[in-house]
Amino acid sequence: GVAKNSQGHLFVFSRTGRTATVKGSAASMLFEFDQNLKFVKQWGPNNYAAGFAHTVRVDKEDNVWMTDEGANMIVKFRPDATVALTLGRKEEPLDWLERFIEEKDKIETKNPVMRPWVFNRPTDVTWSTDGSIFVSDGYNNSRVAKFDKNGNWVKALGERGSAPDQFNTPHGITSDNAGNIYVADRGNRRIQVYDSDLNRKAIFSNVRAPWAVCVTPPNARGEQFLYSADASGKIYKLSLDGRLLGWFGTTGKKVGQFYWVHQMHCVSENELYTGEAQNWRVQHIILKPAK
């Protein structure tokens, strides 16, 4: 995961290869770098939710949110790096024993019963204009979960499938200044768009399989744009009504090429940061107008 705050500090949420107390972990570490890319500190070292990193986001108040797929948790850090809120909970060994021995179930059940408050491999988080929290949840639950600004459960939308309002690996989520929510429905090769009450507004099917999405801040004309990245090295630029405005990128390991862009941060209409899972790196991209 990759994100920036209002001071220009860069946050990188990485799978480090260290051990953690979740199944199949490659323990998560959240790093901060200053505007000159000098290392500042690690956030929440050895915290309970650090198991298998997925994304990091920074909200308008500079709170830093980490989404950990392995721990099934989202942690909100205040700007001073203290914990303000947690959503979800980690599977405990006792839970697994109860399900396997007493209920004859397995934790690896492909389509488990979805429960309020509990995630199953969540992928990303965003917010609407009133501070409501939206979580793409995720690899197994195939839904979008909504919480109020205080972390109280409101509702969820979706189940596994390919019909409208169904999802197949919702892998990312972002929002615009009007409070619209954009869900990267990766397995269905589309982006589904909702208002802040989770009423569907549109479906964009012109970006291949979206792995990562971000919306730019408004430019001088008040316009915002949606960027979407796929696994093949392409990054697409769209208007907020879904018109494809262009794309760039190829698969590879050279500078300017991409391999599994797992998250993007939109600095402006023509400036992006990408976090690449296969290339183990962050790239800073500045787009120049065509001559």
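In which loop is Gly138 found? The model shown is predicted, and in it Gly138 sits in the loop between strand 10 (133-137) and strand 11. The peptide bond leading from Asp137 into Gly138 is cis, with omega near -10°.

Strand 11 (residues 143-147) pairs with strand 12 (residues 153-157) in the antiparallel sense, over four bridges. One of these pairings joins Lys146 to its bridge partner in strand 12, Lys155. The two strands make a hairpin with five residues between them, and Gly151 in the turn has a positive phi of about 90°.

Arg208 has a phi near 55° and lies in the loop between strand 16 (200-204) and strand 17 (212-215). Trp280 has a phi near 55° and belongs to the loop between strand 22 (271-276) and strand 23 (281-286). Is the side of the chain at Trp280 buried or exposed? Trp280 is exposed, with a relative accessible area of 76%, while Arg208 is partly exposed at 40%.

Four strands form an open sheet in the order 1-2-3-4, with antiparallel pairing. Strand 1 and strand 4 (39-43) are at the edges with a single partner strand each, so one side of each has no neighbour in the sheet. On average, neighbouring strands of this sheet are turned by 25° against each other, direction ignored. Strand 1 pairs with strand 2 (residues 10-15) over three bridges in the antiparallel sense; Val2 has Val12 in strand 2 as its bridge partner.

**Salt bridges**

How many salt bridges does a search of the whole structure find? The search finds 12.

| Asp124 | Arg57 | 2.7 Å |

Asp124 forms its salt bridge with Arg57. Asp124 is in strand 9 and Arg57 in strand 5, so this pair ties together parts that are 67 residues apart in sequence. Asp124 counts as buried at 2% relative accessibility, and Arg57 counts as buried at 10%.

Elsewhere, Arg15, Glu69 and Arg121 are linked in a network of salt bridges.

**The largest pocket**

The largest pocket has a volume of about 930 Å³. Its lining consists of 35 residues, and Val58, Asp59, Lys60, Trp127 and Ser175 lie nearest the centre. By class, the lining has 12 nonpolar, 13 polar and 10 charged residues.

Which strand gives the most to this lining? Strand 21 does, with four residues. The strands that each supply at least two lining residues are strand 1 (2-4), strand 5 (53-58), strand 9 (122-127), strand 13 (170-175), strand 17 and strand 21 (261-268).

Notes
Residues numbered from 1 in each chain as written. Predicted model: local features only at pLDDT ≥ 70, side-chain atom pairs only at ≥ 80, totals over all residues. Heavy atoms only, no water. Pairing = 2+ DSSP bridges. Buried < 20%, exposed > 50% of the residue type's maximum accessible area, 1.4 Å probe, protein only. 1 Å grid on protein atoms, 1.4 Å probe; cavity = no way out; pocket = protein on both sides within 12 Å on 5 of 7 lines; lining within 4 Å. Points joined across faces, edges and corners; volume = space filled by probe spheres on them. Nonpolar A, V, L, I, M, F, W, Y, C, P; charged D, E, K, R; others polar. Axes fitted to C-alpha atoms, helices over the stretch in contact; angles between N-to-C directions. Salt bridge = Lys/Arg side-chain N within 4 Å of Asp/Glu carboxyl O.
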